[in-house]
Amino acid sequence: MKSKKNQGLFPMLPLLLFIVVFLVGPLVYMVALSFATNNEGYGVTWKFTLENYTRITDPVYLQTFIQSFQLAITSTVIISLLGYPFGYFMAKLSAKWKKRVMLFIMLPFWVNSLIRLYGWIIILQTKGVLNGLLLKLGIISEPLKILYSYPAIVVGMVYALLPFMILSVYSSAEKLDWSLIEASRDLGATSFQAFRTVTLKLTLPGLLSGIILTFIPSMGLFFIADILGGNKIVLVGSLIQDQMNRGSNWPFAAALAVVLTILTTIMIWLYRKITNVKELEGLY
Amino acid sequence: MKRNSKIANIYLGIILFFMYFPIAMVVLYSFNDSRLTVSWKGFSLQWYEKLFSNQALMEALGNSLLLGVLSCFLSAVLGTLGAVGLAKLKWKSKGIIEYVSILPLMIPEIILGMVFLAFFSLLGMPFGMLTLLVAHTVFCVPYILMQVKARLVGMDKALEEAALDLGATPVRAFFDVTLPMITPAVLSGSLLAFAMSMDDVVISVFVSGPRTSTLPLKVYTQLKTGVTPEINALCTLMLAVTILVIILWKIAAGLSKKNKKGRQQI
Amino acid sequence: MKKVVAGLLTGVLAASVVLSGCGGSSDEKKGELVLYTWEAMFPQEVLDNFEEETGIEIIYSNFDTNETMLEKLAQAEGGDYDVIIADDYILESVIQEGLAEKLDKEKLSNFENINPLYQGQFYDENDEYTVPYGAGIPLIVYDPEQVDIEIKGYNDLWDPSLKDSIAITANYRVINGIVNLSEGRSLNDENLDDIKATGEKLLELAPNIRMIQDDNTQNALLNGEASVAFLYTSQVTMALQENPDLKVVYPEEGLGFGIMNMFIPSDAPSKDAAYQFVNYILEPEVAAECFNNIGYYSTNQAADEFVNEDLVVPDSVTKGEIVKNIGEEADMQYNKNWTEFKAACD
């Protein structure tokens, strides 16, 4: 009989092979590419250089990193503020309503996310639903120019990513031992104290995993800035896409990607450090 | 005390309202008799008619469905076997394997997209269905892997061991014992993976070819160039089909529950 | 419940097989032609007629910018696509990289229909690779009802009254170029100090910018998102068709100018079909139909008599300056100007 240690290797082989070839391979290639020299015109020369990294420190490109982080942080904060109570309240619903609300949250996933954003265009545009309503109510006298502005992008981000936060918080609030809260109340804690010392602490893994699940994608969702922002804000995502598709500078794009990957990896590492949890919550 | 206050329930309602408001707008304007969405010009079904004669759009839908099914099937096979293997494997380094497998969830999509583009052109793979399939499978695997893994953790290992003791081959034990138990996890993971694949823009932008456009890519170009309400119509239909399926599913689930109860009584 | 899910998946699978079957049933036809260009560059009837006449199926594939096209074509090493239409300056790179087919004029009986005014250009001096498909001048268009000033040239775009109301196209060279023109410099200025000055002036334009977009920019004007727009010729034509009250400005400081061209990639999979298509488009009536539809100036002499009179070469057109390829350093600086400008827009 084979050693028990290696049991399970056989069924895992296809996945291992696939991941090594099509995930590890490309990522390693990305790192290699980031140290290569870009040819004038088209193509790459395999000559080691750090130029792609030093170029990132150019204020223009640093600015895009800062802007991306600002946008990601703004969106994530708003998402947390909106999503945390939702997930928490949802966990307190009766089993029947839990199922229903869950269904309501999952259903939009089956509508193309771009189309859902398009719904916001209909609402926010100058001659759109929102302006029409505000004008009719006499709240404003001139239509607001909301579309193609920073707030419009934030609305889009929050809208696209809120469900991930809700699901994460919900999955950890669901496991909450409510008797603990009751106990703390019985021991004389105010409801706020009970929330802070018991509830928040116990649902922290869900909140933090929600933050990661919204923060990371929001660094890369360049199309939201394109569509709702009128293409005016340059995010790292759009910069990478530009360099890949138009600027013809793959090594620079690779360097940007490496830096972005490192930054997100640090975030995840911090998450594990703080929560002591191995897995992100709410993915299932 | 485990009940929500009224305010909490109102809050849930408000957030859900804002989730559905844009969708309602899309649905509403699919019946608008005007190309522009700035005003309501009366009820019309013209966009539904145009939708079915729009070959490019229907082809993109076909591509997306095919891609979704194939990548979800492939990742289900890889992910399920992988999760089963991982559960049995006793290497110290298996954590790394697992971490790498779910890496696609941990790095921004845009990076996956660009590394695929660079890597596939290094390999000289022609861009098209094949590159899309590989890319989608990579980001679909984690959903299935994690679901199945979670299911395996809660599973009774004794059953499989018993089967092995009784002389079943490992393959037989897998199909007869393990698989039936993890099927719900595989299926729900697959559904999620399918939805993600059907919805992906960022990665597909990089790896699609001249002949294969997917539905999200078509929508993306249209959003930049001016949407025709055919897209509204298409999404309304897709939503309707989804809701219909869920209703049927509920009814079927209800029926099978009744059946089971009936049988138990006998 | 499992069975339902399984049934659902099977259903989707079946549906997708049926749908993709529809797409793939064209095998009986006489081949395919992959046409690669911007969206909406041909009237549907022209494409349909070609398919009917020849039995060749056209696959219309889009790119958003010239640079994307070059990137994709370079990746495909001149393959994958059969006919591409793109702008003048990018063609210089395409030809230099050896990605374009040297045209066999024997197969292009309609080649002589081309207006010589548009031939012998810097990117293809001996007319060996390219066939002009429309020319244009980017212009300013505005809605006089919503704009208080009279716009005469580029410099008026900096007027404070236009705050957050201008839509512009997204070609960084063109936008940098018109800033150059507004300062009386060449569109293709390569002096780094000049370009930096251009960048600074461009930054001051940022507060007035409502949106930046290359495709269908005129829609912003038509649906009221912007009151002023800097548009490509075709977009000008479309804007005027929808709203004849809009005012068109030929900027007094000087004009930009561009020629779009068809070419066949060096490794095109169906070259014969490509030649047939290019020749077909060069037929006077067909060309006229195209120009009338897309709203670019006619580059086909024989088509002039069928073309909407607005689209027959005005004298001013050829006085405009064409965007040319410039040195790497200057180009990088223009690129940087553009990134800074976009970042400043919001």
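The model is predicted: local features need pLDDT of at least 70, side-chain atom pairs count only at pLDDT 80 or more, and totals for chains, interfaces and linings use all residues. Residues are numbered from 1 along each chain as its sequence is written, chains are lettered from A and ligands numbered from 1 in the order in which they are written, and side-chain values use heavy atoms, with hydrogens and water left out.

Start with chain C. It has 12 helices and 11 strands. Both are DSSP runs numbered from the N terminus, with helices (H or I) of at least four residues and strands (E) of at least two. The chain holds 346 residues, and 59% of them are buried. Buried means under 20% relative accessible area, exposed over 50%, and partly exposed in between (1.4 Å probe, protein chains only). The accessible surface of chain C is about 13,700 Å², with 45% of it on carbon and sulfur atoms. Such areas come from the Shrake-Rupley method with a 1.4 Å probe; for residues, only the protein chains shown count as cover. Among contacts in chain C with a separation of 6 or more, 76% link residues 24 or more positions apart. Contact here means heavy atoms within 4.5 Å.

One loop residue of chain C deserves a look. Asp215(C) sits in the loop between E7 and helix H7 (218–222). Asp215(C) counts as buried because its relative accessibility is 13%. Thr54(C) lies 161 residues from Asp215(C) in sequence and 31 Å from it in space, C-alpha to C-alpha.

Now the contact between chain C and chain A. Chain C contributes 28 residues and chain A contributes 27 residues. The size of an interface is often given as the accessible area lost when the parts come together. Between chain C and chain A about 2,700 Å² is buried, 49% of it on carbon and sulfur atoms. Buried area is the accessible area (1.4 Å probe) that two parts lose on being put together, summed over both. On the chain C side, Glu71(C), Arg210(C) and Asp346(C) lose the most area to chain A, together 24% of what that side buries.

Chain C and chain A share 2 salt bridges. A salt bridge is a side-chain nitrogen of Lys or Arg within 4 Å of a carboxyl oxygen of Asp or Glu. One of them pairs Asp164(C) with Lys232(A), at 4.0 Å from N to O. In chain C, helix H3 (66–75), strand E7 (209–212) and helix H12 (328–344) each supply at least two residues to the side that touches chain A. H12(C) gives the most, with 7 residues.

Turn to chain B and chain A. The contact takes 88 residues from chain B and 94 residues from chain A. About 8,400 Å² is buried, and carbon and sulfur atoms give 79% of it. The count is 1 salt bridge, and Asp199(B) and Arg116(A) form a salt bridge at 4.0 Å, N to O. Helix H1 (residues 6–29) of chain B gives the most to the side of chain B that touches chain A, with 15 residues.
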